[in-house]
Amino acid sequence: MDDPPRRTNNYNNDHFQLSHKVFGQGGYAIPKYRLLLLGLGLLNVVLFISAVVIGINCITVKQSYLHSRHPAAVQLFTELHNLLNNHSDLFLAEEEANRNFEATVKNHAMLQDQLKEKTIINDGYVKQLEALRTERTTLINNISALELSCGKCPIGFIHFNSSCYYFSYSESSTAKKNWYGSRADCINRGSALAVIDSPEEQAFLSNNIRKMITGRISWESGFWVGLTDIEEEGRWVWINNVTEVESRYWADGEPNNHGSKGGEDCAVIVHNSANPWKTRFDAKCQDHELYWLCEKVDE
Ligand SMILES: [Ca+2]
Ligand SMILES: [Ca+2]
């Protein structure tokens, strides 16, 4: 049998011949399929440009359409845009307000701390002021006492002529003692119960009692002095052993040595506005408790 025709070889030969014509020696012409490709490329460019133009026109038309057919929607979009802007502004404002609030809270706490510190300092000043006022009062009293004593007498004594006098009432209007307790107190103060040995001294003491004691004249509001008749009834002797010979200083009816159990053997003086000389009573040295009058003679 004869072999079948070798198609492949013929095809290859034909293809070789065609290729040889297209790319043959000298390149005399552009192949047709390249022209086709070029044409298609140009067509694509044209189509792309057309699509862009159409897109732009569509957007313009769409906007125009929206503006022309749906103005309310556009207004809504505008208002929404404005609202978004306003919301952003409000958000920023809120943040700023929060920062200001936090700063204000911190400042408030700092002011509270400062207020507490100043309150403590102020309390200290108030206490110091109270202490200074107390000290001032004490100094004023001391100055008054020094003025009264002319700087020659102990605190609480009043100077007159050549003696200093202590009236217990000036220190306490309630404290009272019997004659013996009064004498002991005067000794503790570096003095003794007063000895009245001149009309001037009598007038001075009586006037000072008048300044202190007001109201009805009574021996019960009088002051013990250093005069007794303990040693001998009816013979009145001062504690400096000087016998009192004046009788005009006794109040009317005194001394009367009133009562039992030894009678009344110690002398009391009061102020008598009716008669400044009749100022003395006798009272019970042990049983009666009265104010007392001390005298310290200048050295
Ligand atoms: Ca007597
Ligand atoms: Ca009497």
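Trainee: What spacing do the donors of the calcium ion (ligand 2) follow along the chain?

Mentor: Donors are N, O and S atoms within 2.8 Å of the metal, or 3.2 Å for Na, K and Ca; water is not among the atoms, so sites may look incomplete. Here the spacing reads E-x1-N-x7-E-x17-D. The protein donors are E254 (OE), N256 (OD1), E264 (OE), D282 (O) and D282 (OD), at 1.8 to 2.5 Å from the ion. Keep in mind that this is a predicted model: local features need pLDDT of at least 70, side-chain atom pairs count only at pLDDT 80 or more, and totals for chains, interfaces and linings use all residues. Residues are numbered from 1 along each chain as its sequence is written, chains are lettered from A and ligands numbered from 1 in the order in which they are written, and side-chain values use heavy atoms, leaving out hydrogens and water.

Trainee: Is E264 buried or exposed?

Mentor: Buried means under 20% relative accessible area, exposed over 50%, partly exposed in between (1.4 Å probe, protein chains only). E264 has 6% relative accessibility, so it counts as buried. N256, at 36%, is partly exposed.

Trainee: Which residues touch the most other members of the largest nonpolar core?

Mentor: A nonpolar core is a set of buried Ala, Val, Leu, Ile, Met, Phe, Trp, Tyr and Cys residues joined through side-chain atoms within 4.5 Å. This one has 21 residues, and F167, L205, F223, V225, L227, I269 and L293 touch the most other members. Elements giving two or more residues are β2 (163-167), α6 (199-212), β4 (223-228), β6 (266-269) and β8 (291-297). Helices (H or I, at least four residues) and strands (E, at least two) are DSSP runs, numbered from the N terminus. With 4 residues, α6 gives the most. A second, separate core of 15 residues includes W179, C266, V268 and A283.

Trainee: How many salt bridges does the structure hold?

Mentor: A salt bridge puts a side-chain nitrogen of Lys or Arg within 4 Å of a carboxyl oxygen of Asp or Glu. The structure holds 7. In one of them, R99 pairs with E96, their closest N and O atoms 2.6 Å apart. They sit 3 residues apart in helix α3 (residues 71-149), so about one helical turn separates them.

Trainee: Which residues are linked in a network of salt bridges?

Mentor: E171, D185 and R189. The closest N and O atoms are 2.7 Å apart for D185 and R189. For E171 and R189 the value is 3.3 Å. That pair links distant parts of the chain, 18 residues apart. E171 is exposed at 55%, R189 is partly exposed at 24%, and D185 is buried at 14%.
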